[in-house]
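Hello,

Here is the structure I promised to pass on to you. Please have a look at it first, and then read my notes below.

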Amino acid sequence: MLEIKNITKKFGALTAVNNLSFNVQKGDVFGIAGPNGAGKSTLYNLITGLYPFEGSIRFNGQELRGMLPHRIAKLGIARTFQIPQTFPSLTVEAGIGIGNYFGSQDGFDSSYVDQILKFVNLDKKRNHKTGQLNLLDKKMLMIGAALATKPKILMLDEPMAGSNSKEIISLMDLIKRINQDMGIAIIIIEHFMKVLTELTRKLLIIQTGTEICCGDPVEVTSNPKVIECYLGSSGDGQITTSENSNSEIHIGEKNAEKNLTGSNHAGGK
Amino acid sequence: MDLKRNLLLLTIIYGIIGILPLFFGSTQFIMHILIICLIWSVVASCWDLIMGFAGIFSFGQVAFFVIGSYASAIISAKFSVPPIFSVFLAGIVAGALGILVGLPCLKLKGAYIALVTFAVHMILEPILKGDIGRAIGTGGSRGILTIEPMNIFGYTFSSSQLVPYFYLMFILAIICSLIILMVIKSHWGNAFLALKDAEVFATCLGVSAFKYKLMVFALTSFLTGLIGGFYAHYVGMISTRMLGTDLFVTLMIMLVIGGIGKFPGAIIGSFITISINEMLSPLGSYRPIILGAMVIILVLMMPDGIIGLIQKIFPGRNREEARTIS
Amino acid sequence: MIEIKNLNAYYDDFHVLKDISMTIEQGQVVVMLGPNGHGKSTFLKSICGLVRKTSGLIKYNGQSITGMGAEKLVNMGITYIAENRELFPEMTVLENLKLGAYSKNARAHSRQNLERVFSLFPRLRERTSQLASTMSGGEARMLAIARGLMSNAKFLAIDEPSLGLQPNLRDEVARIIKEINRQGITVLVVEQNIPQITELAHKLYVLEEGRITFEGSKEQALGNDHLKEIFLGM
Amino acid sequence: MIVEIIDVIISGMINGSVYALMAVGLTLIYGVSKAFNFAYGSFYSMGGYLAWLILSAAFINSYLVVFILAVPMLLILGFLIEKMLVAPLRKRDDWEIKVMMITLGLALFLDNSYQVVFGARMKSLPSILEGSYSVGEFIISYQDIVIFILSIGGILILRWFLNSTRTGMSVRAVAQNPAGAQIVGIPKEFVFSATFAISTVMVGVGGILLAQKYFVTPTGGWDILVKSWVITAFGGMGSIRGSLYAAFILGMLEAFVGWYYGMNWVLIALFAVLLATLAIRPQGLMGKWG
């Protein structure tokens, strides 16, 4: 369904994504992992049309390169963000309505919005402003808005970050239901290896934008190269959740991409 | 605020305005001020829509007003189009120019948009006064001194009987307010807020920033131009003096008083501002000084305007919800 | 040296830190572990005067510093080193270091601190006129630590110093922290379980969901099943 | 013809140098604090009026005294205005638009105060240095030379200040990375106020310099605000080097358009060039997004 071929993205001297290729089939759950700054979120930004890139991304045979983000969304690719993005000025219902009205090919359907509200367990908070939600609800809202676009692929960016073990279990359950009940293919960036090994059928490990290895999750996690990239040579053979990352709260920093380049602000030279 | 509360507020506002002629109908001076209030309330509301809701720092609102007034005056005179149609055509001219100005702005951000739109304002005067302007009939620096008064189905509105003029403008203002309210409360309105809150996420949900920003440019300049046209026929003469900073800042005070992004605050703001302005007029050259000082004090002391104040005094449902959650 | 009692911190409406209490003795290396997004950075920033909404008590050498801004705290010797470096991209290495010594207290010692920094990071000496934006991730991290040292700090709060670094550079970071500590600077490091740095700790804390869930020595930590569960793959 | 063209070039250079001084001031505040100052032009007029006031005092007729008195006055005034009007707004989410509004109010207040205090009639200032230098047909006044030298000197002083002084470096630090600046202990609020004050001085000095050539009027600042703004946007808002280039390019453009087509076309030409540039490079000549 989604064919990614030799895509490369450079920010100045830094190569954030280096010649990556992979395919995601219908109904797949595809995992992506790698240390912080490996280019995982950048990869998402390329697929969703936020940055130009070299190479080719095809979705059901259609080339996405050069297409604007809202068009890609309408084709059926939805995503979430590492740092929960919500619309503080809107209610929960309106936020999900945005996804349905603007993203769905079938047009707006308020009963579908209701269905999604129930699905992400927010129907009791439908009239709340999103600024008042807790972290988990914000994530749920983000997933809900993405689902409201009736996607064929849902791309999740570290959905577990900042969650406790109970929340992780319920999020995993939700992801399974999205995949199995709704028939939506899933790409997931995650650091918790257990989440990846349990959910995914295929796992891609990248470091500094380059593929380290790709394949069956259990095999991948026992690959010595992967262990090295996570733990260093002194590793004891077990993958830990070592690295990471950005959903920690920053003062005045929102853009995860900025961390990649290190040079954050417009300068007055 | 939800739609019902907004509609209620609009009904109250227009209800009060609508009965004012019963008391002041015979006082020409007051009727004139009321008509002017209505005119500016629409322009200020349009500005609020584009700046407060859509988050586009457009500073070309007065320019579109002036464009509309010149367009209608010229069209009605040159092609002998009845004013009621020329006003509409003026709206279309202004709307088309709005799209033209909006196009480069879509790629720009914040202060750059402010500059490009303000540029329209700044170059309008030399264009209208210069050779190009004279060629299309702006009358150069003299302005246009004789503009046909409004007439509908043979009935001519006259400047000696202002009550019919008032109600014409009254209906026009209600229509414009409803259009603006419809936009704000529609999915479009939500999309504007969404784009302001989290642009990237909104575009990834399928919202095309391009399309909706352009639409808001077109709509606000259309309505502003239309009202500008009405103004031209109402006062009967126009000149580039409208482009001075005085009017521009007065319009801004309406927003400051009403509250930015707090429609229908702009309507209340315009009535208050025009009244204050009239009350200050005996002070002569001290008047603009006081207006300037007022802006400063109001921005500092009452940053959310009248509506913000009302919301503070009468917290609505949203507030209660906030409390129950925390 | 630092005493924290019932520290709470908020970000917008979000309650990030909940009733944290901790004591850090002079000359220690204290390591705080915790999963991503559970408030570790906020904790460091709260101590260093970079978070506005806090409540509770923070004492530094017996003096209350609650609510003081970073300008004052840096001058008193409390310095934060950011996880994402926060360098000045269009300035040279030397200018970045000079700005590290911005506070009054640091200016007086800037010359010897510069020497100290160069002896710790010989590579920076060779690159004094390079722009910070052109440095690699590892070099930029070193520069960030070096800039922090320029403030003549007595207490350094280092936020995930080995984030995004290659394994050999992590060893280097650990070596430098050890050396800094040997020179008499108290260090509080936040990490997500990097063995090299955990190794240095005099005392370990674990922060989960804004609360401290473990406090003790390395040895105690190794024997704790809960910790194993969180950090060694759930 | 040739003499005329050289004259136009010189006048472009002279105006360009003063524009550079003023545009750099505007870009500096924007680069550091992202605040846009609508009252910038009113500070230009203030420079002119201050000079007129000082020079019309019976016992003073030296521009040296004007600068000695006016510069600190403008500095203090700029600092206070930032502290009292802009700083309190910065805590709000919508501070950008609120700052535009409050400075617009300030502009209205100041312009009309000038009108009340000094009258609507324009004031003329004596030339800073009489006489001229001539080679054949070609004449350049000493006044122009002094204006050019002083403007360039002002820019060089700013350059020295930003690169070599502690406060100057902290200004650059805040512009490049506010969070980083806070971490090293730079008092951001002070830097914002100081930058505002410096920019007030720069535009005020520009006002003193140009007042000799173009008179002082209560609303004369608007033209300057718009030109400085166009220059900074053209050069890239926040980029000092961009503003310098842009000032000379646009100063020259203005001189030629004014000479060939008449002054009425100057603004139109400036905006046309600006729009064309922004269409290709939305961030201006050298600007970055941010």
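Predicted model: local features only at pLDDT ≥ 70, side-chain atom pairs only at ≥ 80, totals over all residues.

I started with the contact between chain B and chain A. Here the rule gives 0 salt bridges. The contact brings together 23 residues of chain B and 30 residues of chain A. Between them, the two chains bury about 2,300 Å², and carbon and sulfur atoms account for 71% of it. Three residues stand out on the chain B side: B:His187, B:Phe201 and B:Leu205 supply 30% of the area that chain B buries against chain A, more than any other three residues. Polar contacts do occur across this interface, in 2 residue pairs.

Which helices of chain B each supply at least two residues of the side that touches chain A? They are helix H8 (187-197), helix H9 (199-204) and helix H15 (317-325). H8(B) gives the most, with 7 residues. Sorted by class, the side of chain B that touches chain A holds 14 nonpolar, 6 polar and 3 charged residues.

Next, the contact between chains B and D. Of the 5 pairs of chains that touch, this pair has the most contacts. Chain D and chain B each put 41 residues into it. The buried area is about 3,800 Å², with 84% of it from carbon and sulfur atoms. On the chain D side, D:Met101, D:Leu108 and D:Trp229 supply 17% of the area buried against chain B, more than any other three residues.

How many salt bridges does the rule find across the interface of chain D and chain B? There is 1 salt bridge, and its partners are D:Arg92 and B:Asp304, whose closest N and O atoms are 3.1 Å apart. The same interface also has 5 residue pairs in polar contact. Four helices of chain D give two or more residues to the side that touches chain B: helix H3 (63-86), helix H4 (95-118), helix H9 (221-235) and helix H11 (266-280). H4(D) gives the most, with 14 residues. By class, that side of chain D divides into 32 nonpolar, 6 polar and 3 charged residues.

Chain B does not touch chain C; the nearest C-alpha atoms of these two chains are 8 Å apart.

The largest share of the lining, however, comes from chain B, where helix H5 (residues 110-129) gives 6 residues. The lining as a whole has 24 nonpolar, 16 polar and 8 charged residues.

Last, a look at salt bridges over all chains, where the count is 25. One of them, within chain A, pairs A:Asp114 with A:Arg126, with 2.4 Å between the closest N and O atoms. A:Asp114 lies in helix H4 (residues 110-119) of chain A, while A:Arg126 lies in the loop between H4 and helix H5 (135-148), so this pair ties together parts that are 12 residues apart in sequence.

Happy looking, and do write back with any questions.

Best wishes

Key: Residues numbered from 1 in each chain as written. Chains lettered and ligands numbered in written order. Heavy atoms only, no water. Contact = heavy atoms within 4.5 Å. Buried area = accessible area lost by both parts, 1.4 Å probe. Salt bridge = Lys/Arg side-chain N within 4 Å of Asp/Glu carboxyl O. Polar contact = N/O pair within 3.5 Å; in protein donor to acceptor, adjacent residues only side chain to side chain. Nonpolar A, V, L, I, M, F, W, Y, C, P; charged D, E, K, R; others polar.
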